[in-house]
Amino acid sequence: MISLNNVTKYYPMRDGERHYVLRNVSLDIPSHRSIAILGPNGAGKSTLLRLIGGAEAPNEGSITTEADISWPIGLSSGFQSSMTGRQNINFACQINGLSKAETQQVIDDILDFSELGEYFDMPIKSYSSGMRARLGFGLSINFDFDYYLIDELTAVGDIIFKEKAKKEFKKISEKSSLIFASHSLKSLRESCQSAIFLHDGNLEYFEDVDDGIRAYESYIEKKSGTAPKKVARKAAKKTAKKAAKKAAKKAARKAARKAIRRATKKATKNNPNNKNEK
Amino acid sequence: MPIKIKEQSPWKSQVLVIKALFKRELITRFGKYKLGAVWVLLDPLLTVLFLGLILGPLLDRSRGEIPYIFFLLCGFMLLKMVTGPLNAGLSAVSANQGLLVFKKVQPIDPFIARFLFQLATNALALVVFCIIAYWIGVVMSLEHLFKAAACVLLSWLIGSGLGLQLGIVCHRHNELEKVVGYMQRPLLWISCVIHPLDGVPPEYRVYLLYNPLVHTIEYMRMCLFPSYVVDDVNLIYPAAWALCVITMGLITYRNNRHFLTRR
């Protein structure tokens with residue numbers, strides 16, 4: 001379990017005002033459930049993951065846990081851009097106190113998973129965002145965490161990586177949990193059971209991920225109730241009406257046909273039946 | 001099979017992080033040069049040679065029995081002990097931003113690693129130069145070796161304190177980085193690097209003595225070369241300076257810790 005106790009996080013803005021990401025939030029994140037983080041752009045999904053992962057500290061309150069939590073695994077995660085992929089992996093292994101043999105094992109596995117080939121010995125700054133994602137994710141799955149914090153990771157990958165990631169997510173959710181921030185509702189539905197909806201400095205927890213997504217969608221609808229959308233809705237209503245009319249007509253015709261058929265059947269049935277019974 | 005990360009004591013974990021960051025400095029500092037770590041020696045040597053060739057004939061009025069080059073080298077290396085960590089601190093956070101996602105890497109760690117890196121490389125260069133001087137036949141005494149080491153350490157501590165503080169402040173206000181660059185220019189002239197303290201008229205000497213570097217540099221020469229004598233310098237004053245700047249640096253760090261982890 002991860003407990004957020006009266007957590008407040010803000011960023012000072014240019015004009016001296018504070019932009020609150022979280023405002024006095026308390027929440028217990030249960031374990032052994034994969035959790036989707038939902039929220040509009042700039043709501044602070046990445047910040048929430050960074051707070052949970054300990055990369056940033058809250059301004060007030062505390063986040064307590066007994067669990068092993070990964071660092072936020074995202075596009076810019078944990079890499080120094082002038083070092084090569086191998087050097088970065090060595091760094092991550094070294095700070096976590098891995099032995100040389102273990103480090104070699106990790107490197108072999110990452111080479112296999114990320115399919116970086118020669119790029120593994122090139123500086124990270126020459127990588128595409130997909131390659132970074134592959135390296136970062138490949139590194140994190142070599143460590144055994146209770147929670148894996150995923151920040152928009154699959155958004156940049158190609159189909160091969162997405163398939164691989166999906167498989168790994170499944171493997172992870174067997175023993176550990178994902179905390180997964182993404183805008184792809186489909187992949188959130190696929191790999192998460194519960195959801196946290198982050199908006200206006202608040203966190204809402206939903207036991208069922210579909211409830212969370214519904215709340216998120218209705219929030220977005222409310223927020224973006226602008227003119228073009230209304231027009232679109234009107235148009236949609238019109239077409240819906242037309243379709244309904246058509247369907248009604250069809251149904252009526254069908255019903256009529258059925259009624260005729262039934263009537264004729266009855267008529268043909270009645271005559272012989274009556275005779276037989278008698 | 002995924003590897004379970006072992007729980008480590010805070011101290012062990014801290015050492016691991018500093019070690020890894022130190023290695024990262026080694027890689028990025030020397031990795032791009034063909035001569036690699038040789039530049040640790042070449043860099044100060046070339047600077048001092050050029051300076052010595054230009055200034056030597058102008059300023060060389062017998063300084064005991066020290067050749068002017070070694071007189072200069074001694075001052076210049078201690079100056080580097082201050083400016084090295086100072087400049088390394090200026091970009092410590094921005095150059096390691098990507099690595100700060102790891103919970104174990106706190107923003108002060110890149111500072112510490114960079115300062116230690118400066119200490120290691122510059123001290124190595126200094127030792128090599130001393131050996132060369134001894135080998136050439138410059139009269140040196142090893143009697144006050146500890147005091148000489150104290151001079152080096154104090155200079156380094158002052159540089160580190162300033163580097164920590166200015167590094168954080170410049171990270172907040174980018175313009176200051178330029179100012180810090182200009183402020184360092186006169187250091188070569190007001191720190192007794194290229195001339196001895198007693199070459200300065202007594203009425204101005206008082207002002208120069210406010211500079212802690214004057215104390216460490218002149219004291220160091222006094223320790224290494226028995227024929228060199230200076231009055232008025234001590235180690236208490238630079239030690240007080242070191243204490244002050246490090247305390248201020250740590251306070252600045254504490255006040256800005258949320259800002260530093262921010263992306």
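**Exercise 1.** Find which strand pairs with strand 5 of chain A, and decide whether strand 5 is buried or exposed.

*Solution.* Step 1: five bridges join strand 5 of chain A to strand 6 (residues 177-181) of chain A, and the two run parallel. Strands are DSSP runs of E, at least two residues, numbered from the N terminus, and helices are runs of H or I, at least four residues; two strands pair if DSSP finds at least two bridges between them. This is a predicted model, in which local features need pLDDT of at least 70, side-chain atom pairs count only at pLDDT 80 or more, and totals for chains, interfaces and linings use all residues. Residues are numbered from 1 along each chain as its sequence is written, and chains are lettered from A in the order in which they are written.

Step 2: A:D151 has A:A181 of strand 6 as its bridge partner.

Step 3: A:Y147, A:L149 and A:D151 on one side and A:Y148 and A:I150 on the other are all buried (20 or more other C-beta atoms, placed from the backbone, within 10 Å of the residue's own; exposed means 12 or fewer, partly exposed in between). Five of the five residues of strand 5 are buried, so this strand is largely enclosed by the rest of the structure.

**Exercise 2.** Name the elements that give two or more residues to the side of chain A that touches chain B.

*Solution.* Step 1: the contact takes 31 residues from chain A and 25 residues from chain B, contact being C-beta atoms, placed from the backbone, within 7 Å.

Step 2: the elements are helix 2 (85-95) and helix 3 (100-114) of chain A.

Step 3: helix 2 of chain A gives the largest share, four residues.

Technical notes. Contact = placed C-beta atoms within 7 Å.
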